[in-house]
Amino acid sequence: MGEEKRTDLEEQIEAIFRGGQFRQLTELYFAHIKEQYGLKRIEMEILYYLSQGGEHNTSIDVCRRLRANKGHISQAMDSLRKRGLLETRQDTRDRRYVHFILLEPAFEIIERLSEEFRRMNKAIFAGFSQQELIEFKSMMSRVGGNMDRILQELEDKS
């Protein structure tokens, strides 16, 4: 039985999806913010997500988006709440849901995170044409949608 040789594209895609390089890169880009504000990586991710998520601001929304353990998210959100970076509000239509609302002190951190994301993305996508960026975004959106659908199907089965 012969072993099938993987293509360069397959290897590159696998490397991207493993996320090791991206995780290492983000750790380096955000280390000074993490240190300055005494935040954990998950706390920075939560703040950034809540700044972008609109009405999708419950712990369930955060868990789904960040694909993290509910207990881990709950501890991080509790820490952020105790530090005065967010508050909770009961849903007016369904009391089972609690919404997490960003408070003023969080906005400085979020602005710093946004600046670093822009700086990092500029470096990552250096040399790409506008058309290539549009195509990449479209493909990644489709890949993400497929992955979300597959994850939902697998979760529904279990």
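# Briefing: helix packing and the nonpolar core

Helix 2 (residues 20-37) packs with helix 6 (residues 104-124) at an angle of about 150°, and their axes lie 11 Å apart. Because angles over 145 degrees count as roughly antiparallel, helix 2 is roughly antiparallel to helix 6. The model described here is a predicted one.

**The contact of helix 2 with helix 6**

- The crossing in which helix 2 passes helix 6 is right-handed.
- On the side of helix 2, the contact is formed by Phe-22, Leu-25, Thr-26, Tyr-29, Phe-30, His-32, Ile-33, Gln-36 and Tyr-37.
- On the side of helix 6, these residues meet Glu-108, Ile-109, Arg-112, Leu-113, Glu-116, Phe-117, Arg-119, Met-120, Ala-123 and Ile-124.
- By type, the residues of this contact comprise 12 nonpolar, three polar and four charged.
- As a general point, an α-helix has 3.6 residues a turn, so residues three or four places apart point the same way.

**The largest nonpolar core**

- The largest nonpolar core contains 26 residues.
- Leu-39, Ile-46, Leu-47, Leu-50 and Ile-109 have the most contacts inside this core.
- Two or more residues of this core are given by each of helix 2, helix 3 (41-52), helix 4 (59-66), helix 5 (70-82), strand 2 (98-102) and helix 6.
- Helix 3 supplies the largest share of this core, namely six residues.
- Leaving aside residues up to four places away in sequence, Leu-39 touches Lys-34, Met-44, Leu-47, Leu-80, Arg-83, Leu-85 and Ile-109.
- Among these partners of Leu-39, Leu-47 and Ile-109 also belong to the group with the most contacts inside the core.

- Asp-61, Val-62 and Cys-63 are buried in helix 4.
- The packing partners of the buried residues of helix 4 are helix 3 and helix 5.

**Tyr-48**

- Tyr-48 is a residue of helix 3.
- Tyr-48 has a relative accessible area of 24% and is therefore partly exposed, since buried means under 20% and exposed means over 50%.
- Leaving aside residues up to four places away in sequence, Tyr-48 touches Leu-113, Ser-114 and Phe-117.

Notes
Residues are numbered from 1 along each chain as its sequence is written. This is a predicted model: local features need pLDDT of at least 70, side-chain atom pairs count only at pLDDT 80 or more; totals for chains, interfaces and linings use all residues. Side-chain values use heavy atoms; hydrogens and water are left out. Axes are lines fitted to C-alpha atoms, for helices over the stretch in contact, and angles run from 0 to 180 degrees between N-to-C directions. Helices (H or I, at least four residues) and strands (E, at least two) are DSSP runs, numbered from the N terminus. Angles under 35 degrees count as roughly parallel, over 145 as roughly antiparallel, 65 to 115 as roughly perpendicular and the rest as oblique. A crossing is left-handed if the near helix is turned anticlockwise from the far one by less than a right angle, and right-handed if clockwise. Contact means heavy atoms within 4.5 Å. Ala, Val, Leu, Ile, Met, Phe, Trp, Tyr, Cys and Pro count as nonpolar, Asp, Glu, Lys and Arg as charged, and the others, Gly among them, as polar. A nonpolar core is a set of buried Ala, Val, Leu, Ile, Met, Phe, Trp, Tyr and Cys residues joined through side-chain atoms within 4.5 Å. Buried means under 20% relative accessible area, exposed over 50%, partly exposed in between (1.4 Å probe, protein chains only).
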